[in-house]
Amino acid sequence: MATITLPENEEQINDVNGFYFMANPSTFNGDPILTLQINNGKNRSIKLKKKNVSTVLHYLHDNNIPFLNLHSNILPTIDVEDESYRSLLNEMFFILASCMMFILGFLSIRSGNNSFMQLNFQYLFGIACILVGATLLCHPAVKIKDNQLILKGYIHKSVIELEDILKVTICSLGKGELIEVVTKDYDYYSFPIKGGRLKALTSDLQQVGIDASYIYKNGAAE
């Protein structure tokens, strides 16, 4: 009999009625959560490693296990124009914070004194402030451009064709949000972000026929 074998978890595939994925942000602590619906009426939640998500979802699909919280009957109503989902207040905060760090850094570098140790500390502190300011200017952001969903992090950028997206869940984690994306090939993307018009992103994705939802930490969905 086939089994789902995961770290410290094993379920008989014939005992599984279906599965939920990207559905429960209240238990999220950095690892994706897969919930199996078992024949005995109980649900079993399993933490997955990000690198294993695609393999596990393929395995469930190949064994005809239904994706219970997937809504694939959403009809597109409009074409979404190129759109950035940054919020004005959020951008003003990052710009002001960046300017303050740049100013603090330059002032620290310029105000050197005769002490070699203090001079080195001031230069290092000034350079650190400038680097922090540059990092703040490159904060994570999300946008739609040329029918692609673009998730831009501090270093890495993910570009996903809208027509390839199967499901998007945006979870409110209290101190920020998490964007989770699964494609039709079961590639998985996880993108933490603070601030932005993410409810508007959810609405726009729904209007192009994508199963997208915004979920609060208590499990309430929009």
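Predicted model: local features only at pLDDT ≥ 70, side-chain atom pairs only at ≥ 80, totals over all residues.

User: Where is Tyr216 in the chain?
Analyst: Tyr216 sits in the segment after strand 13.

User: How far is Tyr216 from Glu177 in space?
Analyst: Their C-alpha atoms are 9.3 Å apart. In sequence, 39 residues separate Tyr216 and Glu177.

User: Zoom out. How many helices and strands does the protein chain have?
Analyst: The chain has 4 helices and 13 strands. It has 222 residues, and 39% of them count as buried.

User: What share of contacts comes from residues 24 or more positions apart?
Analyst: They make up 52% of the contacts with a separation of 6 or more.

User: What about the largest nonpolar core: how many residues?
Analyst: That core has 21 residues. Val142, Leu149, Val168, Ile179 and Leu201 have the most contacts inside it.

User: Pick Ile179. What is it in contact with?
Analyst: Leaving aside neighbours within four places in sequence, Ile179 touches a list including Val142, Leu151, Val168, Tyr189, Phe191, Leu198 and Leu201.

User: Which residues of helix 4 are buried?
Analyst: Leu198, Leu201, Thr202, Asp204 and Leu205. Seen down the axis of helix 4, the buried residues fall within an arc of 170°, so they line one face of the helix.

User: And just after helix 4?
Analyst: Gly209 is there, with a positive phi of about 90°.

User: Now helix 1. Which residues are buried?
Analyst: Helix 1 covers residues 53–62, and Val53, Val56, Leu57 and Leu60 are its buried residues. Down the axis of helix 1, they fall within an arc of 95°, so they line one face.

User: Which exposed residues are on the face of helix 1 turned away from the buried side?
Analyst: Thr55 and Asp62. Just after helix 1, Asn64 takes a positive phi of about 60°.

User: New topic: what is the phi of Asp146?
Analyst: Positive, about 55°, although Asp146 is not a glycine. Asp146 is in the loop between strand 7 and strand 8. Asp146 counts as exposed because its relative accessible area is 52%, and exposed means over 50%.

User: And Tyr186: buried or exposed?
Analyst: Tyr186 is buried, at 10% relative accessibility. Tyr186 lies in the loop between strand 11 and strand 12. Its phi is near 65°, a positive value in a residue other than glycine.

User: Which side chain makes a polar contact with that of Ser158?
Analyst: The side chain of His156, at 3.4 Å. Beyond its neighbours within four places in sequence, Ser158 is in contact with Leu149, Ile150, Leu151 and Tyr189.

User: What lies over the face of Tyr214?
Analyst: Lys199 does, at 5.4 Å from the ring centre.

Conventions: Residues numbered from 1 in each chain as written. Heavy atoms only, no water. Lys NZ or Arg CZ within 6 Å of the ring centre and 35° of its normal. Polar contact = N/O pair within 3.5 Å; in protein donor to acceptor, adjacent residues only side chain to side chain. Contact = heavy atoms within 4.5 Å. Core = buried A, V, L, I, M, F, W, Y, C linked by side-chain atoms within 4.5 Å. Buried < 20%, exposed > 50% of the residue type's maximum accessible area, 1.4 Å probe, protein only. Helix = DSSP H or I, 4+ residues; strand = E, 2+ residues; numbered from the N terminus. Arc of directions from axis to C-beta.
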